[in-house]
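Let us take a friendly walk through this model together. Please have the sequence and the coordinates open as you read.

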Amino acid sequence: MSYIAKPKVTHPSLKRNRLGLTTRDYEGTVSTLCAGCGHDSVTAAIIQAVFDLDIEPHMLAKMSGIGCSSKTPAYFASQSHGFNSVHGRMPSVTTGANMANRELTYIGVSGDGDSLSIGVGQFVHAIRRNLNMCYIIENNGVYGLTKGQFSASADIGSRPKKGLPNQQEPIDPVSTALSLGASYVARSFSGDKAQLVPLIKGALRHSGFALVDVISPCVTFNDHEGSTKSYAHTRQFYHHVVDLDYVPPAEEIRAAYDDGEAMPVELHDGSTLVLRKVDQEYDPTSRAAAFKYLRQRFNEGEIVTGLLYIDDERREMHDLMGNVDRPLSELELGTLHPGKAGLRKILDGYN
Amino acid sequence: MKPTDTANPDYYHKVVDCQWACPAHTDVPEYIRLIAQGRFSDAYMENRESNVFPGILGRVCDRPCEPACRRRRVEEKPVAICRLKRVAADHRDDITHRLPKAPQEKNGKKVALIGAGCASLTVANDLAPLGYEVTIFESLSTTGGLMRTNIPRFRLPPAVLDEEIGYILDMDVDLKLNHPIDSLKELLDDGGFDAVFVGTGAPRGKNLEIPGRYDSANIHIGIEWLESVAFEHIDSIGEKVLIIGVGNTAMDCCRTSLRLGAKDVKVMARKPRGFFKASDWELEDAEEENVEIVVNHSPRSFVIEEGRLTGMVFDVMEYEIDGQGRIDRGRAVDQVSIPCDDVILAIGQDNAFPWIERDIGIEFDDWDCPVVDETTMMCTREGVFFGGDSAFGPKNIIWAVAHGHEAAISIHKYCHGEDIRERLPRGMNLTSQKMGMHEWSFSNDYDPAGRRLMPHVDLKERFKNIDIEVELGFTAEQAQQEVERCLNCDIQTVFTAKLCIECDACIDICPTNCLTITHNGTETDLRTRLSAPAENTEQALYVSAGLPQTGRVMVKDEDLCVHCSLCAERCPTGAWDMQKSTILLPYAADEAEESRCKSGPSAA
């Protein structure tokens with residue numbers, strides 16, 4: 001880690017967003033992760049995304065569990081709400097927070113250990129419920145904090161720094177999310193911010209569970225020859241299928257997109273995602289097709305990235321439950337609580 | 001763009017904006033670091049190597065380094081480079097034992113230097129230690145030239161001049177005072193010198209030929225008047241004084257007038273503010289002393305009543321400024337008369353060479369200046385060299401010093417029959433500053449402190465005597481804070497493309513958005529595609545070789561880098577390193593060393 005804080009001095013022509021803030025205003029403390037960690041690039045991408053979306057810092061909640069990845073929320077939006085929860089329990093804590101105040105924007109940052117091993121039960125149920133959040137997995141295939149053992153996302157045949165290659169099937173968060181009915185599924189790479197930033201913006205604005213699985217190399221324990229999650233390997237087998245442009249509500253969509261190449265998807269808040277297919281065969285609105293395609297490419301050793309699946313029609317958890325529009329945290333006790341008589345009436349209904 | 005050639009010493013030299021802007025290329029960040037460590041004598045010697053007169057220049061240098069200072073681009077005020085130089089001079093110990101000495105055994109070459117000002121003294125400083133027999137001819141009764149006669153004592157005390165000039169004269173220099181050269185031809189023909197250097201300055205003040213000019217004794221020419229004050233031939237002036245012109249000489253004239261009894265001093269400027277020739281800090285100092293600066297007044301005539309100067313008539317001007325901020329047209333809109341007792345003309349100065357015969361092979365241009373080669377400082381007659389104001393018209397002390405160093409090299413080569421155009425090139429050393437994981441051998445943290453203010457003698461006290469030096473020099477605390485403002489621009493961010501894994505860590509951490517990894521393109525194209533637009537085209541773009549994984553390039557906009565080392569700290573592979581660039585400037589002594597090496601051991 002660095003001994004000095006990032007100097008407050010800035011580029012004089014640094015852009016300001018509609019709130020008059022610069023990207024510097026969305027920073028946190030200087031990272032204590034290893035120099036060159038992919039997670040730091042993901043942090044920078046998140047900063048860019050929340051800046052671009054003009055999110056007021058006090059309307060953002062940063063949620064995490066345990067692990068290198070889960071330290072990330074300390075490194076951005078230091079003026080926002082944050083909760084660094086128990087290992088693997090970030091989805092539950094976020095569920096609770098979201099139920100209490102549906103007006104905040106929730107961004108959960110987790111890792112392959114936090115989400116696919118200890119927290120896999122929490123992860124899958126948050127998806128099932130279509131909890132309205134942006135869920136980022138910083139996926140590096142190893143447990144960095146405990147010195148580089150393989151995690152549940154390590155590919156078969158991937159070599160560790162020392163010892164034998166992995167022989168167990170990996171859990172692919174993207175396929176898992178698709179099978180559970182996630183409504184926004186994306187994969188990207190920490191080394192490609194041009195792709196990653198719009199994907200995070202779309203995920204933050206999407207209503208429902210939005211998964212962004214980010215290959216984020218562990219520069220210390222998993223960036224060597226033979227690793228399938230290194231910078232070099234990811235770049236070599238990177239397969240880009242759908243590009244994404246995020247268009248805020250006020251702006252008009254350029255009509256220049258050709259049919260079949262570009263596909264506008266309007267989100268609930270009036271903003272639009274414009275999907276541009278890099279691979280013409282791919283259909284990001286068909287779960288079955290996405291499955292098939294991902295499996296085929298996976299068998300060829302390719303890493304498929306981009307916005308892989310979107311269904312903006314699925315109702316998020318609050319709507320499924322028929323909750324009121326106002327945040328529960330703002331309701332009077334009398335409104336929230338049925339009272340003794342009311343409770344009696346409800347219980348009597350079961351008699 | 002092609003990969004940047006950082007082996008060319010000029011590339012990193014330009015990044016050190018202050019050193020690049022300094023005509024003598026003083027290693028500013030290095031001496032500031034030495035001050036920070038309390039090594040004042042070392043800081044003084046570091047200065048002296050290039051600028052010869054740290055104590056003098058620490059007070060009165062024209063400071064081309066400060067407008068160039070990178071700090072001005074990230075915040076408003078530059079580092080107080082000049083004032084820190086004075087800190088080194090004020091706090092040094094006795095350094096006489098560290099000065100170059102003239103050898104007992106001379107090399108048999110005789111050099112005449114005409115004028116005992118900064119240019120000639122620099123030549124003497126460079127040549128005397130090599131064994132040259134150096135003679136300085138000075139028409140006045142004292143040394144220093146315009147430094148002594150034109151800069152008032154309350155800005156530059158004579159003791160400072162005497163000490164630093166003394167260091168040079170002590171190198172067996174033969175000083176002939178009260179010895180004007182009336183004929184260069186005679187000196188060349190009969191003097192017995194191997195080379196002659198002319199460092200006589202620009203000693204003639206410009207005149208203003210308007211009605212009434214010769215009808216009163218109370219109309220003075222600025223530099224002549226300042227000289228008379230310096231020699232104590234003049235010790236008083238009228239109550240109401242008008243200074244014509246608004247350059248640095250005008251500033252010295254108005255402030256000197258206040259010390260000789262003037263109560264109401266006005267500096268009359270023809271143009272509006274922003275078009276003045278005086279340095280900002282000299283203007284500030286004059287205005288602090290309640291000198292009134294009157295703009296848009298163009299002199300028309302002197303008012304003489306009963307043989308006495310009573311005032312001056314001015315045209316009140318109006319100017320049209322064009323799109324580039326230049327004056328397009330001016331016209332007189334009114335006429336006013338302003339009463340006064342004395343007028344001082346400070347509207348510029350010219351070279352004057354009545355003592356150089358025009359038939360001895362020295363060519364003069366249309367402005368009656370000698371034709372001098374800018375590299376070698378030699379005029380059209382072999383063996384005759386010029387430097388300082390006498391070479392290319394009025395500049396300043398630091399330029400004269402730079403000329404002196406170059407002339408000394410030429411004189412050395414000329415006296416030894418070498419080609420004076422074949423000079424040693426500049427060199428550069430790069431040294432890593434890494435001490436540990438994230439430790440550097442310099443203070444890399446950015447200190448947001450503002451520029452320290454120079455303490456001055458109280459306004460009530462300072463006019464009591466013309467000898468009272470107004471600037472007191474930085475206190476120890478001030479110096480300690482000011483040194484931390486230096487951005488260490490000489491500690492370069494050195495990039496090794498083949499080590500880069502394109503993890504973006506350096507780009508993400510850079511506080512001033514200097515770095516980008518992108519596809520290569522032309523410079524104009526690249527400048528628009530960076531993390532932040534690179535609009536300052538005077539500052540270079542660094543472009544790396546193709547990166548191993550994607551073939552893209554690392555681009556660094558040098559403009560706003562604060563040299564905080566975070567790119568190198570966050571780099572996992574050591575592709576970025578912080579390395580100090582030391583620019584190696586060749587002097588006459590290096591040329592002498594080079595010839596010795598070339599001629600081999602047999603010549604020794």
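Predicted model: local features only at pLDDT ≥ 70, side-chain atom pairs only at ≥ 80, totals over all residues.

Residues are numbered from 1 along each chain as its sequence is written, and chains are lettered from A and ligands numbered from 1 in the order in which they are written.

**The sheet of chain B**

Helices (H or I, at least four residues) and strands (E, at least two) are DSSP runs numbered from the N terminus, and two strands pair if DSSP finds at least two bridges between them. In chain B, 5 strands make an open sheet with parallel pairing, in the order β3-β2-β1-β4-β15. At its edges stand β3 (174-176) and β15 (384-386) of chain B, each with a single partner strand, so one side of each has no neighbour in the sheet. On average, neighbouring strands of this sheet are turned by 20° against each other, direction ignored. Angles run from 0 to 180 degrees between N-to-C directions, and axes are lines fitted to C-alpha atoms, for helices over the stretch in contact.

Strand β2 (residues 133-137) of chain B is joined to the parallel β3(B) by 3 bridges. I136(B) has L175(B) in β3(B) as its bridge partner. Helix α17 (residues 397-415) of chain B packs on the sheet, where it touches β1 (110-114), β4 (195-198) and β15 of chain B. The direction of α17(B) makes about 165° with that of β4(B). Contact here means that the C-beta atoms of two residues, placed from the backbone, lie within 7 Å.

| Helix pair | Angle | Axis separation | Crossing |
|---|---|---|---|
| α9(B) and α17(B) | about 40° | 7 Å | right-handed |
| α3(B) and α4(B) | about 165° | 7 Å | left-handed |

A crossing is left-handed if the near helix is turned anticlockwise from the far one by less than a right angle, and right-handed if clockwise. Angles under 35 degrees count as roughly parallel, over 145 as roughly antiparallel, 65 to 115 as roughly perpendicular and the rest as oblique. With an angle of about 40°, α9(B) is therefore oblique to α17(B). At about 165°, α3(B) is roughly antiparallel to α4(B).

In α3(B), the contact is made by E30(B), Y31(B), L34(B) and I35(B), which meet F40(B), D42(B), A43(B), E46(B) and N47(B) of α4(B). These residues divide into 5 nonpolar, 1 polar and 3 charged. Ala, Val, Leu, Ile, Met, Phe, Trp, Tyr, Cys and Pro count as nonpolar, Asp, Glu, Lys and Arg as charged, and the others, Gly among them, as polar.

**Where the chains meet**

The contact takes 24 residues from chain A and 28 residues from chain B. On the side of chain A that touches chain B, α1 (38-52) and α7 (231-237) of chain A are the elements that give two or more residues. The largest share, 4 residues, comes from α1(A). By class, this side of chain A has 11 nonpolar, 8 polar and 5 charged residues.

**A loop residue**

V295(B) lies in the loop between β9 (292-294) and β10 (297-305) of chain B. Leaving aside neighbours within four places in sequence, V295(B) is in contact with A269(B), P272(B) and R273(B).
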